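Me: I would like to learn how to read the features of a model such as this one, starting with charged pairs and moving on to strands and helices. Could you take me through them one by one?

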Amino acid sequence: MATLFDLSVPGRRAGAQLPPAAPPPDDLPGELLRRDPPALPEVSELEVVRHYTRLSQRNHGVDTGFYPLGSCTMKYNPRGANALAMLPEFLERHPLAPEGHGQGLLACLHDLQEILAAVTGMAAVSLTPAAGAQGEFAGVRMIRAYHEARGDHQRDEMLIPDSAHGTNPASAVMGGCRAREIPTGPDGDLDLEALDAALGPRTAGIMLTNPSTLGLFERNIQAIARRVHAAGGLLYYDGANLNAILGRVRPGDMGFDVVHLNLHKTFATPHGGGGPGAGPVGVSARLEPFLPIPRVGHDGHDYHWIESADRPQSIGRLSAFAGNLGVALRAYVYARMLGDPGLARVSGHAVLNAAYLMQRLRALGYEAAYPDRRPGHEFIITLKREAHAWGVRALDVAKRLLDFGIHAPTTYFPLQVPECLLIEPTETESKAELDRFVEAMARIREEAEHDPERLRGAPWTTPLRRLDDVRAAREPDLAWRPE
């Protein structure tokens with residue numbers, strides 16, 4: 001596809017709506033003034049519009065097709081939540097306006113704090129973390145602050161299963177802890193003997209995703225909680241997979257002390273494209289003093305911000321003002337639209353879709369990584385047999401799916417499963433769409449056996465063919481230069 005520079009014609013302009021160019025300030029040093037005009041494309045406004053519209057049409061997204069990216073929950077989010085979050089009364093309120101000028105907004109945020117606390121079994125919630133990873137960081141920092149306040153200065157180890165979400169080790173280190181990996185057993189559950197060996201006076205806590213990134217619910221979660229608490233540590237819950245248990249079981253009831261939630265995965269806000277996100281954190285009562293500020297409080301009559309003067313032990317601010325409030329408002333509308341019965345339907349459909357898809361793929365001959373376990377909202381198939389027999393790898397299947405208008409599942413993660421595809425259909429896909437995916441996978445399996453080169457050369461129908469990913473990462477060419 002042509003770049004905008006390829007469409008450039010000297011003298012062509014698209015500046016009819018631009019304000020007149022102002023002369024440079026008199027006090028600007030001469031060596032900082034540009035001597036040559038910038039090398040920008042010279043195109044008309046219509047060409048600009050058409051060029052970027054064509055580019056957008058070549059992107060794959062939830063609005064254009066099935067997107068079973070495991071661990072990421074790429075689902076459809078209702079437009080109604082977006083429309084209500086963009087009401088002028090929300091958009092036009094200045095963040096420094098007096099509390100009395102935003103009681104409606106504060107009421108919504110306070111209600112959302114209460115809703116998230118209720119569905120997670122936590123005592124209190126802060127909405128300020130601006131992303132899931134920042135929510136993880138906040139959780140680790142609160143655990144550290146709790147131990148420090150008790151004089152347990154030696155507790156600097158965070159235990160992390162090898163099936164944990166990918167950002168957990170980084171968040172632990174950034175939060176001031178040393179990450180220590182705990183293996184999972186062949187059945188997908190945490191190795192309790194390895195956990196016992198790792199627990200000790202340096203244990204700050206353990207970070208768990210449940211269901212895990214293996215798509216499996218940790219059956220020993222209560223035993224894990226008892227062991228970690230007995231050793232003086234705390235439990236942190238990564239809420240990336242909350243849509244698998246929403247409205248059915250609460251992390252607080254499992255024994256967790258800290259929870260972060262990905263509103264952009266579970267509660268109807270856009271996911272992908274780098275943001276904006278939101279990663280609220282919830283805590284049990286003993287960690288409430290350490291929650292990041294500001295939070296919204298209610299004195300029975302008015303809503304107000306809870307600031308550092310009210311919570312001197314708080315880990316402080318994590319984002320400008322009160323975080324990404326537009327994202328939080330979308331989540332609030334979504335939760336109110338569904339209510340308690342609707343939130344339970346979310347998890348029911350998410351798990352049902354995953355179970356249905358796994359059984360259909362197994363019937364085609366694909367191998368489930370954990371065939372004796374019931375999947376949560378996602379599951380793993382391994383292509384190690386296909387790789388050995390036909391030389392077809394998980395990457396080849398992923399690339400071939402693009403020719404069917406389907407985004408690839410997550411490939412090669414989690415790392416302990418060879419040639420894996422991590423598949424999450426989400427709760428918003430219909431049975432008809434799942435069946436279309438099964439038909440594509442049936443065709444791909446037939447090609448793998450009888451025409452493997454078809455897969456190894458895929459994709460065939462996309463604007464760009466298969467790229468050299470390793471070279472792109474090691475030798476990136478990020479700047480356009482004229483011929």
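Reply: Let us begin with the term we need for charged pairs: a salt bridge is a side-chain nitrogen of Lys or Arg within 4 Å of a carboxyl oxygen of Asp or Glu. Please keep in mind throughout that this is a predicted model. Under that criterion, Asp196 forms a salt bridge with Arg227, and their closest N and O atoms are 2.9 Å apart. The two residues belong to distant parts of the chain, with Asp196 in helix α7 and Arg227 in helix α8, 31 residues apart.

Me: Are Asp196 and Arg227 buried or exposed, or do they fall in between?

Reply: The general idea is that a residue is called buried under 20% relative accessible area and exposed over 50%, with partly exposed in between. Asp196 has 37% relative accessibility and therefore counts as partly exposed, and Arg227, at 29%, is likewise classed as partly exposed.

Me: How many salt bridges does a search of the whole structure find, and which residues are linked in a network?

Reply: The general idea is that side chains of opposite charge can pair when their charged atoms come close. In this structure the search finds 30 salt bridges, and Asp187, Asp189, Arg219 and Arg373 are linked in a network of them.

Me: Which parts does the salt bridge between Arg286 and Asp257 tie together?

Reply: Here one reads the atom distance together with the position of each partner. The closest N and O atoms of Arg286 and Asp257 are 2.9 Å apart. Arg286 lies in the loop between β7 and β8, while Asp257 lies in the loop between α9 and β6, so the pair ties together parts that are 29 residues apart in sequence. Arg286 is partly exposed, with a relative accessible area of 38%, whereas Asp257 is buried, with a relative accessible area of 4%.

The loop between β7 and β8 also holds Glu288, whose partner Arg311 lies in the loop between β9 and α11, so this pair ties together parts that are 23 residues apart in sequence. Glu288 and Arg311 form a salt bridge with their closest N and O atoms 2.9 Å apart. Glu288 is buried, at a relative accessible area of 17%, and Arg311 is partly exposed, at 25%.

Me: Which residues of helix α8 are buried, and what do they pack against?

Reply: The general idea is that an α-helix has 3.6 residues a turn, so residues three or four places apart point the same way. In α8 (residues 221-230), the buried residues are Ile221, Ala223, Ile224, Ala225 and Val228. They pack against α7, β4, β5 and α9. After α8 comes Gly232, which has a positive phi, near 90°.

For another helix, consider α13 (residues 394-401): seven of its eight residues are buried, so it is largely enclosed by the rest of the structure. Among the buried residues of α13 are Asp396, Lys399 and Arg400. The cover over its buried residues includes β12, β13, α14 and α15.

Conventions. Residues numbered from 1 in each chain as written. Predicted model: local features only at pLDDT ≥ 70, side-chain atom pairs only at ≥ 80, totals over all residues. Heavy atoms only, no water. Buried < 20%, exposed > 50% of the residue type's maximum accessible area, 1.4 Å probe, protein only. Helix = DSSP H or I, 4+ residues; strand = E, 2+ residues; numbered from the N terminus. Contact = heavy atoms within 4.5 Å.
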